[in-house]
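User: Please take a close look at a single part of this structure and describe how that part is packed against its surroundings.

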Amino acid sequence: FELPKNKEENLAKDVLLLKESMQKEMRDGDKLKKATTFIGSRKVSTAEAKAILSWLNFDDNKLTFAKQVKSKLTDAQNAKVLADELTFSSSKDEYLNH
């Protein structure tokens, strides 16, 4: 299984609106809050989750979001590809073993 390469036109409109909202934030922690709130009451595809992860700057925030979104994936069988967005091998290991 391979996700499309940055095919943002395939993302749902509400995900693209989240991107706009996250881009207005200066602090990565505030971007994480928006992303977490966004997934609070909905399911997302692995491709959408991976896109949202790419809009976060710091690995600790990416790891936090990846662990939170894992149970919200519509295609959970593909969850391991989210580890590709994490920078550090320790973060990848923690996510994959979570």
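The part to be examined is helix 4, residues 59-69.

Analyst: The following account places the helix in its chain and then turns to its packing. The model is predicted. The chain contains five helices and zero strands, so that, in keeping with the definition of these elements, its order from the N terminus reads α-α-α-α-α. For 98 residues, a compact globule would have a radius of gyration near 13 Å, and the 12 Å found for the chain agrees with this. The C-alpha atoms fill a box of roughly 30 × 25 × 25 Å along the principal axes. Of the contacts with a separation of 6 or more, 69% join residues 24 or more positions apart.

Within this setting, 41% of the 98 residues of the chain count as buried. In helix 4, the buried residues are Asp59, Asn61, Lys62, Leu63, Phe65, Ala66 and Val69. Their cover includes helix 2 (28-39), helix 3 (46-54) and helix 5.

The pairing with helix 5 can be described in detail. The axes of helix 4 and helix 5 (residues 89-96) come within 10 Å and cross at roughly 10 degrees. Because angles under 35 degrees count as roughly parallel, helix 4 is roughly parallel to helix 5. On the side of helix 4, the contact is made by Asp59, Leu63, Ala66 and Lys67; helix 5 contributes Ser91, Glu94 and Tyr95. By class, this contact has three nonpolar, one polar and three charged residues. Asp59, Leu63 and Ala66 of helix 4 take part in the contact and are also buried.

Definitions and conventions: Residues numbered from 1 in each chain as written. Predicted model: local features only at pLDDT ≥ 70, side-chain atom pairs only at ≥ 80, totals over all residues. Heavy atoms only, no water. Axes fitted to C-alpha atoms, helices over the stretch in contact; angles between N-to-C directions. Helix = DSSP H or I, 4+ residues; strand = E, 2+ residues; numbered from the N terminus. Parallel < 35°, antiparallel > 145°, perpendicular 65-115°, else oblique. Contact = heavy atoms within 4.5 Å. Nonpolar A, V, L, I, M, F, W, Y, C, P; charged D, E, K, R; others polar. Buried < 20%, exposed > 50% of the residue type's maximum accessible area, 1.4 Å probe, protein only. Rg over C-alpha atoms; globule rule 2.2 N^0.38 Å.
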